[in-house]
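Please look at the sequence and the structure before reading on.

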Amino acid sequence: MTLTAAAPPKQAPRTANAGRRRSIWSYWRFYLALSPFYLIFLVFGLYPVASTILLAFQKWDGLGPRTMVGFQNFGFLIEDSTFWLALWNTIVLFFMSTMPTLAIAMALAVMLHSAVRLKGVYRIAYFIPNITSLVAAAIFFAAVFSTNFGLINAALRGLGLPTEDWLGEPWGIKIAISTMIVWQWTGYNTIIYLAGLQAIPTEQYEAAKMDGAGPLRTFFSITLPQLRPVVLFTVIMSTIGGLQTFTEPQVMVGNNGGTGQSGMTVVMYFYNQAFFNNDYGYAGAIALSIFVLVLLFTAINWKLLGGRGRS
Amino acid sequence: MELSRRTLLAGGFAAMLGGTVVGCSSSMDTGSTKKNAGGNIALWCWPGGLGKSVLDDTIAHFPDQHIKYSEIGGDFKQKLLTTFNGGTSIPDITGVKGEDIASLLPQATNRFVDLKTIGADSILGDYLEWKVKQATTLDGKVIGIPIDIGPTALFYREDIFTAGGLPGDPAKVAEQLKTWDDFLAAGLELRKANPKAPIVADAVDLYGTIISQGTSRYIDKDNKFVGDQDHIRKAWDIAVKAITTKVDGKTLGGSPDWNAGLDQGTVPTVTGAAWVALDIKAACKTSVGKWRVAPTPSGPANFGGSFLTITKSAADPAAALEVIKYMLSADNQAKAFADAQIFPSAPAAYDKPQLKAADPFFGGQVPIEVFGPAAKSIPIAYEAPLDGAVAVPFSDGLKLVQAGKKTSDAAWAEAVSKAKQIGKRQGVQ
């Protein structure tokens, strides 16, 4: 983006010393070449976002006329216990899935970084879950966690442990959903960490070795600090993705989030309000709240991890 | 060359810009009733919504109408709403699913043709009255002709019933299991003999069935919330009784456990619409011929069943109605049943040979002997546009009782207050 902005002034003197207005218009070809992205963004990005914001202040059933209702939708939102429950579920699911994902991904990346043989095979194997169809995977996980004929309960029975009604218990639902998210995203983050690891200069490791640092000390004093920007990137990407969890709970426990609605996430609640209850205005208000939530979490992460500026 | 490339780019740019502007302006125009071009009829339905042979036959039968059928997959209602708001390419005839019709009725007059104004009166009597009522607005406009219905029955495993000391013959089952109380009592007996076969697959599901057996639901015609009244509480209490007497399998319909249980005998009964038979058949490999059909205890209910409607954009509504009349005649409904198990909404079809066939999956029983009478005696209940949304807290509450997380009374109180709040958001008193 900075490149394109810098280009016109550089060339300006060459194309005749005309007035400013004319010089802008004489670059119409460049702007035209740039325009497809902006036009598509305008139509499929900016316009929907703007109309969602407008919708949040309206009442609309999807077919009839829209009426302005001011802040009424937000008033309902504050009183709506289901919304707060969905918010709580989303945040809990976010922590339950993101933390293990990133920890496992880091461990795997360090191991892959030092392993010599079959590196490519491992990389592909870890990445495959990320490109597997979400719905297919969710159906598979629902089967794995099912009560009578599920793999996990079969294993528990085999070990002589009591079985659990995973998808019928509030916490069981959360564990099942986050397990699936961990399975899906660990490989993706591993690949990113691995790329980051490969960019750390080997001299630093050699120097550490000379000073007698063990593998743990090396990891915490060199690897982790050097990876800080990469970690920040993965945390922000996981935040944006994790706070919008939808498909996993929808396929595994249904549109209402299962027992105690403990699989109901904010995006699912938004979807239900818009596409089942035809309450598009209220759904718009929920969508705005997700936006604010993601912004808030990203800001917190930025402060926590990016405090010392770019490395 | 250079010139043509430049023109091409500029042309594309203009076309895109033009498209955007047109797209925006027409979406603002919510009350648009722009007519489609005459000479052909655009027909929309979802995959499997209409029998293939009937559809092909109808298209051939009206060569002058040039019927153009589009099969719309995915979220059908959403795509229809989007097209309505877009204002162009609106179909002349469109299917509307049974679960969506109630939410479309308030806007019916803006988008759909009142079929009574174009001469549908003469054929409305051919279809089941309660089903036509679902597509009728409070002020009497009819916007859809029913394609099919979903009358319920009790599907059960004859082998497990007889082994558990219950009658196996459908007539005797009907005799003994007249009400839900009889059904739960039979469940207790079955549990003594076979603790692994709870007679209720899912108490929450049972609750939904009982609600649909009634003549009033959560919101009445005056837009008043009645979900806290006796008719709902009674259904709730029966479901809770199934849970507390431990005849509830807690097995969600359609889940992997349910599918496996149907064949293995841990789900010995299913109370469901005629089309549920397809799911049961798909899940069963070893229990073929062991299933039977009996009337639903405490009377029939209906789940699903869709409509064909004519939009305000239709170039020639009268011609469109002729197409619908032909396609949904009793003869063609019988054909569609033979084709794709689309259960007829015209009772005259129940006497056709296609429906009289014995089904080896049900041990040679003739299912229409149960479903036919059921279809004719389904109660008429007013379903408010918000009904589905208000029902959710009740089934959620029962799930908590089922999981042992809440007492029945506490869950009930919470469900009622949540349902009232959802109603309040949309102006229900």
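What is the order of the strands in the open sheet of three strands in chain B? The order is S6-S5-S7, and the pairing is antiparallel. This is a predicted model, in which local features need pLDDT of at least 70 and side-chain atom pairs count only at pLDDT 80 or more, while totals for chains, interfaces and linings use all residues. Residues are numbered from 1 along each chain as its sequence is written, and chains are lettered from A and ligands numbered from 1 in the order in which they are written.

Helices (H or I, at least four residues) and strands (E, at least two) are DSSP runs, numbered from the N terminus. Two strands pair if DSSP finds at least two bridges between them.

In S6(B), B:Ala273 is the bridge partner of B:Thr152. Helix H14 (residues 276-283) of chain B lies across S5, S6 and S7 of chain B and runs at about 140° to S6(B). Axes here are lines fitted to C-alpha atoms, for helices over the stretch in contact (C-beta atoms, placed from the backbone, within 7 Å). Angles run from 0 to 180 degrees between N-to-C directions.

**The sheet of five strands**

A second open sheet in chain B has the order S2-S1-S3-S8-S4, with mixed pairing. S2 and strand S4 (144-146) of chain B stand at its edges with a single partner strand each, so one side of each has no neighbour in the sheet. Here the twist averages 25° from one strand to the next. B:Leu43 stands opposite B:Tyr69 in S2(B), and its bridge partner in S3(B) is B:Ile93.

| Pair | Sense | Bridges |
|---|---|---|
| S5(B) (152-157) and S6(B) | antiparallel | five bridges |
| S1(B) (41-45) and S2(B) (67-71) | parallel | five bridges |
| S1(B) and S3(B) (93-96) | parallel | two bridges |

Contact between the chains involves 33 residues of chain A and 33 residues of chain B. On the side of chain A that touches chain B, helix H3 (28-55), helix H4 (72-79), helix H5 (81-114) and helix H7 (134-144) of chain A each give two or more residues. H3(A) gives the most, with four residues.

Key
Contact = placed C-beta atoms within 7 Å.
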